[in-house]
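Keep the model open while you read.

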Amino acid sequence: QDSFAQAMGVAAVTVDRTGNPITKTSNFCTVCEMIRSTETGLARCQQCDAEGGRIAHKQEKPYAYKCAGGLLDAAAPIIIDGQYAGCILCGQVIPVEEQEEFIQDVVARNIPLGLPKEAFEEEVRKIKPLPRDRFQAAVEMLSLTANNIIQNGAVNLSQAQLLTEAQERAALQAALQETQIKALKAQINPHFLFNSLT
């Protein structure tokens, strides 16, 4: 995730199906950290992340969208053993082609969170704009990254299932041996009693 974020010049994070991060964030911008520092902003971002992941899952491919904070984001679903587990997100992008419009929108959407207007706008203007075609390339790479996570998850899941089966087999073997010992004791006890009486 870190390598992907650095190489593509975007932020990235992996979240579960409810939008809660399951990895540390990679390359997050100060603007998003400021938004997420507020209770309302964090809840809004997690809801947006969850929704982006659900749409990507429904479409069965990466989904690019404008996030609740006003930046471009994309989500790629992580589906392991047929189950939607969450998604990997990338973005926090302002497109070069619409830079000023995006800046104004990001500021307008987030000042109601109680953020200091001048300091916040200054941080928004520090975000290095990205051409849309480069963002699209990042979205395509995001799909490959998600597939890698899926393959690793499938391997881990298989290993966990094998371990569980081995533990269950060992428990059954131990129970069988215990039962055999009890059966032998039951056979010995009447003979001991009979011999003692004799």
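Among contacts in the chain between residues at least 6 apart in sequence, 58% join residues at least 24 apart. Contact here means heavy atoms within 4.5 Å. This is a predicted model, in which local features need pLDDT of at least 70 and side-chain atom pairs count only at pLDDT 80 or more, while totals for chains, interfaces and linings use all residues. Residues are numbered from 1 along each chain as its sequence is written, and side-chain values use heavy atoms, with hydrogens and water left out.

The chain has six helices and four strands. Both are DSSP runs numbered from the N terminus: helices are H or I with at least four residues, strands are E with at least two. Along the sequence the pattern reads α-β-α-α-β-β-β-α-α-α. Of the 198 residues, 37% count as buried. Buried means under 20% relative accessible area, exposed over 50%, and partly exposed in between, with a 1.4 Å probe and protein chains only.

A cavity is a set of points where a 1.4 Å probe fits but cannot get out. A pocket is an open set with protein on both sides within 12 Å along at least five of seven lines. Lining residues have an atom within 4 Å of a point. Grid points are joined across faces, edges and corners, and a volume is the space filled by probe spheres set on the points.

The structure holds one cavity of 30 Å³ or more. About 140 Å³ of space lies in the largest cavity. Its lining has 17 residues, and Phe28, Arg36, Asp49, Asp73 and Gln92 lie nearest the centre. The elements that give two or more residues to this lining are β1 (11-16), α2 (30-36), α3 (39-59) and β4. Strand β4 gives the most, with four residues. By class, the cavity lining has twelve nonpolar, two polar and three charged residues. Ala, Val, Leu, Ile, Met, Phe, Trp, Tyr, Cys and Pro count as nonpolar, Asp, Glu, Lys and Arg as charged, and the others, Gly among them, as polar.

Phi of Gln92 is near 60°, a positive value in a residue other than glycine. Why does Gln92 count as buried? Because its relative accessibility is 11%.

Turn to the largest pocket. Its volume is about 240 Å³. The pocket is lined by 14 residues, with Gly9, Val10, Asn27, Ile127 and Lys128 nearest its centre. Strand β4 (residues 83-93) gives the most to this lining too, with three residues. The pocket lining divides into eight nonpolar, four polar and two charged residues.

Asn27 lies in the loop between β1 and α2. Phi of Asn27 is near 65°, a positive value in a residue other than glycine. Asn27 is partly exposed, because its relative accessible area is 40%.

Next, a helix pair. Helix α4 (residues 99-110) and helix α5 (residues 117-126) pack at an angle of about 145°, with their axes 10 Å apart. Axes are lines fitted to C-alpha atoms, for helices over the stretch in contact, and angles run from 0 to 180 degrees between N-to-C directions. From α4, the contact uses Glu100, Ile103, Gln104, Val106, Val107 and Asn110. From α5 come Lys117, Phe120, Glu121, Val124 and Arg125. These residues divide into five nonpolar, two polar and four charged.

Helix α5 also holds Glu123. Is Glu123 buried or exposed? Glu123 is buried, because its relative accessible area is 19%. Leaving aside neighbours within four places in sequence, Glu123 is in contact with Thr30, Val31 and Met34.

Thr14 lies in strand β1 and is buried, with a relative accessible area of 5%. Thr14 and Ala76 are 62 residues apart in sequence and 9.5 Å apart in space, C-alpha to C-alpha. Glu60 lies in the loop between α3 and β2 (63-66). At 67% relative accessibility, Glu60 counts as exposed. Glu60 and Ala76 are 16 residues apart in sequence and 8.3 Å apart in space, again C-alpha to C-alpha.
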